[in-house]
Amino acid sequence: MSVSSIGLSGIRAAEAQLQTAAANIANANVQGYSLETVQLVPDGDGAGVRVSGIQRASAPFLSREINADSASAAFNAALFQVTNSAQAILSPSGGGDISGLLQNLFNMFESLSASPEDTVIRQQVVSAAQQFADASVIVTNSLRGVAETSAAGLSELVGEANSALRQVADLNRQIAAVRSSGGNFGPLEDQRDQLIATIAALTGAEGDVQGDVSLGGIPLVSGTDSYSLVLTGSSSTISIDLPGGPIQLPSEAIGGTIGGTLAGVEQVLSLAQKINILIDSTSAAINSVHASGFGLDGSSGNALFTIPATPGPIAINSAIGPDQIAASSRGMPGDGSNAGSIARLSSQQGIAPAFGLSTASQAWGQIVAAFGEVVKGANDSSRQSQAAAQALENFRSSITGVSINEQLALILQYENELQASGRVVAAASDMISFLIQTLQ
Amino acid sequence: MRRANLVSIERMSDLAFGAATVAALNAAAAELQTAQTQLATGRRVNQPSDDPSAFGQASVLTTMKSSLEEEINQANTAASRLNVISGALEHAANAIQQAIQIAESAANGTNNPQNLADFGKAVEGIMEAMVGLGNTKDGNVYVFSGEATDTPPFTASGAYLGSSGANVVDFFNQASVKTTLAGSAVFGDSGAGTGIMSALQSLLSALNAGDQAGVRGAIPALTGALNQIGAVQASVGASIQVVESVSSAAATQSQQVDSKISILTDADIARVSADAALAGAKEQALIAIASQSRQISLVNILA
């Protein structure tokens with residue numbers, strides 16, 4: 001190989017390196033872009049140099065870990081978002097302070113026990129009972145509303161995931177085509193990695209270096225084929241539409257935002273169920289004592305609340321007015337002993353058997369504390385997973401990311417290579433000219 | 001031979017640097033927001049997730065506090081009624097003493113029939129006053145009518161129409177007091193020939209009949225009725241002490257519960273202020289770092 005050819009190969013190599021550095025700088029702030037470097041190999045007898053290809057920096061193990069942490073962060077963030085909306089309902093300002101309103105009702109009965117003939121206090125008892133019943137409706141409907149609103153957003157998320165799955169399958173096809181033609185398929189792999197990260201964050205699915213994606217061991221993308229996720233059962237379960245028929249995923253297999261939203265909806269509905277059980281049990285205990293007493297009008301056997309057959313919100317018995325509040329055990333206007341018995345239910349242990357030996361207020365405390373743990377746990381886990389994903393992302397970025405300063409330093413190096421190679425070509429030309437002149 | 005410790009410094013891409021800075025800024029902003037919320041509300045626990053255990057305990061304690069406040073109200077209401085009863089009993093005792101004095105004056109053997117008739121008129125007034133005291137009301141409640149609190153318990157002749165029971169108020173410390181009384185157990189029943197009502201009727205009959213022996217014979221019954229009223233007064237006095245004690249104990253417990261709620265949910269203002277200042281400083285430092293890192297870029301050096 002001539003000196004001139006060697007110099008020219010150096011110029012071509014430096015030019016390719018400069019082009020790659022320019023592309024790296026241009027894409028430095030593009031999310032998901034991976035650093036590219038020119039692969040050089042000795043050419044011919046080893047005197048020259050040749051560009052063998054463009055290598056895309058990758059860290060598949062880190063990418064898988066980042067996707068797993070991002071999926072966990074997204075799961076917990078969605079769980080937090082749904083449950084955080086629900087916990088606002090439980091505060092006094094949210095209208096759902098069941099324990100406070102129940103205690104207010106017991107307090108009114110206690111007042112009535114001292115002044116059983118007092119029509120003003122009787123009216124206050126009716127109002128307190130109405131407020132308690134209204135709160136049961138508000139809490140139940142508000143919690144169901146949170147669950148329904150959250151579930152309604154699932155179809156959009158599933159659509160987003162299905163779109164990304166189709167794009168991954170399509171990119172697998174394009175990558176195979178570019179690879180077979182010897183072209184640079186790095187940008188396509190960048191896109192695919194980004195889409196797999198999106199799918200992971202939405203569903204908790206895992207992708208591999210071939211671009212295959214699976215969820216709970218069931219394929220979502222296999223080569224150039226993709227299979228859709230389907231929302232079933234009133235937006236409460238997810239199936240995968242496989243050629244042999246749909247397969248329902250167990251809820252614990254679904255992660256990411258979709259899994260977190262499903263888990264959040266389940267938690268909120270479970271909370272509503274527990275609250276309704278507490279309200280219904282306590283109301284039944286009040287009804288039992290109330291029915292055994294006598295109203296100011298002599299009426300007896302009346303329930304204060306109507307309670308649904310399955311756990312749900314209660315209502316005040318429409319037959320109950322101030323005169324029908326059964327304050328007396330003996331049908332005497334000045335006897336408040338039955339009202340006193342109802343008031344003492346506030347400290348009765350085991351009033352709601354589902355909550356063991358707790359009083360009503362203790363059971364409420366257990367319910368809100370347990371739900372608070374769910375909300376707090378989701379928030380803490382989301383932050384931890386985000387921090388872990390961020391740390392791993394920084395690590396991956398140290399391998400695959402672009403540092404503009406580093407690229408600028410390399411450009412100086414490539415410029416020097418280019419100038420030096422140019423000098424080689426010029427020297428070769430001078431040498432040939434000298435030889436020609438000498439021979440002449 | 002000493003070997004230098006090698007420190008590994010990772011490459012830092014511009015994108016990662018930006019993302020790390022934004023993440024750190026978000027974390028600092030979240031810390032600042034938490035501190036500011038606590039400073040604004042004065043509370044560390046504003047919702048269940050802030051501290052689930054504390055929120056649950058505070059919820060139970062808040063209910064307990066509400067119950068204790070109702071106990072205080074209940075005790076105050078009972079005390080008010082018992083004071084009405086006590087006042088009526090005091091007037092009744094005074095009236096009986098007047099009746100005894102009249103009976104003693106009428107029975108000393110120096111009175112003519114006209115004098116006895118005059119004494120009789122005075123006893124009629126006392127009888128009327130006694131019936132009025134027996135029909136004492138607290139608001140709409142006849143306090144000496146037992147459980148029949150909507151009915152005047154005594155007729156003009158001192159016959160009892162109320163019930164033999166009483167309304168009993170129970171308190172959280174197992175104490176209980178009667179807030180209405182059966183009038184027959186206090187004033188007797190002229191129809192049944194018991195108590196002050198019967199004694200006054202007997203005295204009146206003897207005075208009107210000019211029967212000095214009968215007048216003398218009425219004195220022990222009057223003295224017995226006075227003792228009966230005295231016993232009821234003592235019982236009512238004890239009840240007043242009970243409700244005052246209940247009120248005081250409930251107030252003390254309420255303060256203790258308040259203190260527990262405060263410990264569980266209130267913010268430590270000094271510490272939160274320091275946290276807010278620290279989070280603010282962190283935020284400023286991160287902004288400065290982000291700004292400075294751009295200035296030392298190789299792009300600026302080469303430009």
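Phe144(B), Phe154(B), Tyr160(B) and Phe187(B) make up one aromatic cluster in this predicted model. Across all chains there are four aromatic pairs and 16 salt bridges. In chain A, one salt-bridge network joins Arg56(A), Glu189(A), Asp190(A), Arg192(A) and Asp193(A) through shared partners.

**Aromatic cluster of chain B**

- Among the four aromatic pairs over all chains, Phe144(B) and Phe187(B) have ring centres 5.0 Å apart and planes at 90°, so their arrangement is edge-to-face.
- Phe144(B) belongs to the loop between strand S2 (141-142) and strand S3 (168-170) of chain B, and Phe187(B) to the loop between helix H4 (183-186) and helix H5 (195-208) of chain B; the contact therefore ties together parts that are 43 residues apart in sequence.
- Phe144(B) and Phe187(B) are both buried.
- Phe187(B) also pairs with Phe154(B): the centres lie 5.6 Å apart and the planes meet at 85°, so this pair too is edge-to-face.
- Phe154(B) lies in the loop between S2 and S3 of chain B, so its pairing with Phe187(B), in the loop between H4 and H5 of chain B, ties together parts that are 33 residues apart in sequence.
- Phe154(B) counts as buried because its relative accessibility is 5%, and Phe187(B) is buried with a relative accessible area of 0%.

**Salt bridges of chain A**

- Asp190(A) forms a salt bridge with Arg56(A), with the closest N and O atoms 2.6 Å apart.
- This pair links distant parts of the chain, with Asp190(A) in helix H6 (residues 186-203) of chain A and Arg56(A) in strand S2 (residues 48-56) of chain A, 134 residues apart.
- Both Asp190(A) and Arg56(A) are buried.
- Within helix H6 of chain A, Arg192(A) and Glu189(A) are separated by about one helical turn because they are three residues apart.
- The closest N and O atoms of the salt bridge between Arg192(A) and Glu189(A) lie 3.9 Å apart, and both residues are buried.
- A further salt bridge joins Asp43(A) to Arg50(A), with 3.7 Å between the closest N and O atoms.
- Asp43(A) is partly exposed, at 22% relative accessible area, and Arg50(A) is likewise partly exposed, at 42%.

**Charge over a ring**

- Arg179(A) lies over the face of Phe185(A), 4.6 Å from the ring centre.

**Domains of chain A**

- The domain assignment divides chain A into domain 1 (2-57 + 404-439), domain 2 (94-152 + 264-386) and domain 3 (154-261).
- The C-alpha centres of domain 1 of chain A and domain 2 of chain A are 81 Å apart.

Definitions and conventions: Residues are numbered from 1 along each chain as its sequence is written. Chains are lettered from A and ligands numbered from 1 in the order in which they are written. This is a predicted model: local features need pLDDT of at least 70, side-chain atom pairs count only at pLDDT 80 or more; totals for chains, interfaces and linings use all residues. Side-chain values use heavy atoms; hydrogens and water are left out. Domain bounds come from an automatic or database domain assignment. A salt bridge is a side-chain nitrogen of Lys or Arg within 4 Å of a carboxyl oxygen of Asp or Glu. Buried means under 20% relative accessible area, exposed over 50%, partly exposed in between (1.4 Å probe, protein chains only). Helices (H or I, at least four residues) and strands (E, at least two) are DSSP runs, numbered from the N terminus. Rings of Phe, Tyr and Trp (its six-membered ring) pair if their centres lie within 6.5 Å; planes under 30 degrees apart count as stacked, over 60 as edge-to-face and the rest as tilted. A charge sits over a ring if NZ of Lys or CZ of Arg is within 6 Å of the ring centre and within 35 degrees of the ring normal.
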